[in-house]
Number of protein chains: 2
Amino acid sequence: MSMKSLHIIKIGGNVIDNSKNLHHFLKDFTGLDGYKILVHGGGKVATQLSETLGIEAKLVDGRRITDIETLRVVTMVYGGLINKNIVAQLQRFGNNAMGLTGADGNFIRTKKRPVKTIDYGFVGDIDERSIDSKGIGKLLEAGFTPVFCALTHDGEGQLLNTNADTIASALAVALSDLFETTLIYCFEKKGVLMDVNDDDSIIRDIDPVKYEELKIKQIIHSGMLPKLENAFTAIACGVKAVVIGHSDDLGELKKNKPFGTRLSKTV
Amino acid sequence: MSMKSLHIIKIGGNVIDNSKNLHHFLKDFTGLDGYKILVHGGGKVATQLSETLGIEAKLVDGRRITDIETLRVVTMVYGGLINKNIVAQLQRFGNNAMGLTGADGNFIRTKKRPVKTIDYGFVGDIDERSIDSKGIGKLLEAGFTPVFCALTHDGEGQLLNTNADTIASALAVALSDLFETTLIYCFEKKGVLMDVNDDDSIIRDIDPVKYEELKIKQIIHSGMLPKLENAFTAIACGVKAVVIGHSDDLGELKKNKPFGTRLSKTV
């Protein structure tokens with residue numbers, strides 16, 4: 001029996017902060033065949049609300065510290081405002097969305113990051129046992145589209161701020177046991193570019209061999225490296241393909257046209 | 001085949017605003033046998049956040065107007081902060097909670113209140129077709145405990161502020177087709193009192209005949225009348241019983257001891 005297909009799509013600020021982009025994206029997302037999961041990060045709203053409330057952004061080595069006040073803000077903005085508005089809009093398109101944190105249904109359980117030299121505050125780290133793939137699978141098979149925000153819990157009553165890219169990747173790996181899973185990262189470019197100054201120089205397919213070549217030739221710039229490393233790790237753990245592209249182009253998938261850069265074991 | 005039992009419990013500010021009360025309540029709620037649904041209103045947090053953000057509370061005839069700014073606040077506070085913290089705490093007690101607005105799963109669809117002499121803003125009115133009892137039933141049977149906040153949607157992408165008491169009552173009526181449903185309202189008193197000055201003078205059972213008697217003898221004070229009217233309407237529509245009591249005493253139910261005032265067709 002062949003496995004059913006699942007698309008897990010992660011969107012960030014460049015989609016969330018622009019209502020036109022978001023509308024366009026949610027329509028195309030709804031149009032995709034098969035099972036779907038949406039994962040969203042924050043965007044400007046959380047920063048703006050923090051500023052209005054006089055909560056100072058705390059950064060250490062460029063990484064945000066989630067103190068209790070910031071956790072309250074992200075719980076309101078990610079779990080409430082952004083998540084529920086996305087759900088209401090998906091419902092409008094006939095997509096039976098259900099907005100979730102990792103606490104809901106106990107679907108994503110993490111551990112508060114241990115304090116070493118830096119105390120990151122209320123941040124949850126995902127490990128290989130964090131995801132309840134069976135529970136999420138039941139929800140998908142019942143006809144619901146899970147919409148996860150960047151919050152998890154520790155199982156002891158504490159919500160934890162968790163990186164949305166990592167949630168998307170962990171979901172993709174865990175759900176690969178049940179579904180033929182494609183992980184899609186929407187970002188500000190149309191894909192991995194041969195020439196950073198030419199937005200149309202998209203590299204359509206990359207396998208591990210080509211990836212090594214591109215690294216040696218220094219075509220892949222440093223900002224993309226961790227993204228691609230993580231993508232190939234997910235693929236090694238069972239994810240069928242990882243696609244990186246712009247949310248505006250997602251509709252191409254439905255038309256069987258090329259969309260973004262597709263990373264997989266074999267081209 | 002006898003129907004399985006379902007308790008739908010509504011809590012408001014006096015439980016939500018007091019972390020000790022809330023903790024105690026959530027523990028007792030988890031201990032109840034059978035299927036369970038929690039419905040929660042707002043509390044002081046929404047008012048406080050509105051004040052901090054400089055959003056003026058708009059009241060007409062003592063009723064709150066939900067303008068777009070207020071809708072944003074309640075979406076953050078009800079749908080995010082309160083709802084997700086309740087879910088995380090229930091998970092701690094081993095209760096597999098799932099936090100929802102009416103938009104999630106398309107479970108509660110309402111109509112924006114028509115503008116007549118007063119424009120109430122983004123407020124949703126429930127009618128007899130609002131609740132998807134089958135969808136909610138599937139969720140219960142899959143082992144999840146729905147936690148609804150006071151938000152619904154219109155199916156056209158708009159979230160709407162909706163009275164939590166009304167949501168609880170509409171859920172109870174709709175789900176009576178599938179379950180033997182008891183609706184519990186937690187409020188600031190231990191029940192309906194014979195003597196308003198004596199907190200222990202709880203009337204344990206009221207049926208429609210006794211209700212008429214109590215009204216004639218003017219024992220039920222005016223503030224309680226609409227609550228009881230609505231309760232008997234729900235009972236007439238299939239709800240097995242409506243119980244009104246204090247959240248601190250909910251644990252008595254588990255011990256088969258009397259809890260609050262129980263309204264039903266026959267004593």
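Visitor: Two strands pair if DSSP finds at least two bridges between them. With that settled, how many bridges join β1(B) to strand β11 of chain B?

Guide: This is a predicted model, and in it 6 bridges join β1(B) to strand β11 (residues 180-186) of chain B, with the two strands running parallel. One position along that pairing is B:Leu6, whose bridge partner in β11(B) is B:Thr181.

Visitor: And in which sense, parallel or antiparallel, do β1(B) and β2 of chain B pair?

Guide: They pair in the parallel sense over 6 bridges, β2 being residues 35-40 of chain B. Within this pairing, B:Lys10 stands opposite B:Val39 in β2(B).

Visitor: How many residues of β1 in chain B are buried?

Guide: Strand β1 covers residues 5-11 of chain B, and 6 of its 7 residues are buried.

Visitor: What is the order of strands in the sheet of chain B?

Guide: The sheet of chain B is open and has 8 strands, in the order β5-β8-β2-β1-β11-β13-β14-β12, with mixed pairing. Its edges are β5 and β12 (205-206) of chain B; each has a single partner strand, so one side of each is left without a neighbour in the sheet.

Visitor: Which residue is the bridge partner of B:Gly99 in β8(B)?

Guide: That partner is B:Val147. The pairing of β5(B) with strand β8 (residues 145-149) of chain B is parallel and extends over 4 bridges.

Visitor: Let us turn to β13 of chain B. How many of its residues are buried?

Guide: Strand β13 takes in residues 241-245 of chain B, and 5 of its 5 residues are buried. In a regular strand the side chains alternate between the two faces of the sheet. Here B:Ala241, B:Val243 and B:Gly245 lie on one side, B:Val242 and B:Ile244 lie on the other, and both faces are covered.

Visitor: What does β13(B) pair with, and in which sense?

Guide: With β11(B) the pairing is parallel, over 5 bridges, and B:Cys186 has B:Gly245 as its bridge partner in β13(B). With strand β14 (residues 261-264) of chain B the run is antiparallel, over 4 bridges. There, B:Ala241 stands opposite B:Ser264 in β14(B).

Visitor: What strand order does the sheet of chain A have?

Guide: In chain A, an open sheet of 8 strands has the order β5-β8-β2-β1-β11-β13-β14-β12, again with mixed pairing. The edge strands are β5 (97-100) and β12 (205-206) of chain A, each with a single partner strand, so one side of each lacks a neighbour in the sheet. Strands β11 (residues 180-186) and β13 (residues 241-245) of chain A pair in the parallel sense over 5 bridges, and A:Thr182 has A:Ala241 as its bridge partner in β13(A).

Visitor: A change of topic: how many residues of chain B are in contact with chain A?

Guide: There are 38 residues of chain B in contact with 38 residues of chain A. The two chains bury about 2,900 Å² between them, 68% of it on carbon and sulfur atoms. In chain B, B:Met76, B:Leu81 and B:Lys84 lose the most area to chain A, together 19% of what that side buries.

Visitor: How many salt bridges are counted between the chains?

Guide: The count is 2 salt bridges. In a salt bridge of 2.9 Å, N to O, the side chain of B:Asp104 meets that of A:Lys84.

Visitor: Is B:Thr70 buried or exposed?

Guide: B:Thr70 lies in helix α4 of chain B and counts as buried because its relative accessibility is 6%, under the 20% limit. Not counting residues up to four places away in sequence, B:Thr70 touches B:Ile55 and B:Ile65.

Visitor: Last one: which residues of chain B does A:Leu159 touch?

Guide: A:Leu159 touches B:Lys84, B:Asn85 and B:Ala88, and its contacts in chain A include A:Leu71, A:Phe122 and A:His153, not counting residues up to four places away in sequence. A:Leu159 is found in strand β10 (residues 159-161) of chain A and, at 1% relative accessibility, counts as buried. Its C-alpha atom is separated by 27 Å from that of A:Thr233, 74 residues apart along the chain.

How values were computed: Residues numbered from 1 in each chain as written. Chains lettered and ligands numbered in written order. Predicted model: local features only at pLDDT ≥ 70, side-chain atom pairs only at ≥ 80, totals over all residues. Heavy atoms only, no water. Contact = heavy atoms within 4.5 Å. Buried area = accessible area lost by both parts, 1.4 Å probe. Salt bridge = Lys/Arg side-chain N within 4 Å of Asp/Glu carboxyl O. Buried < 20%, exposed > 50% of the residue type's maximum accessible area, 1.4 Å probe, protein only.
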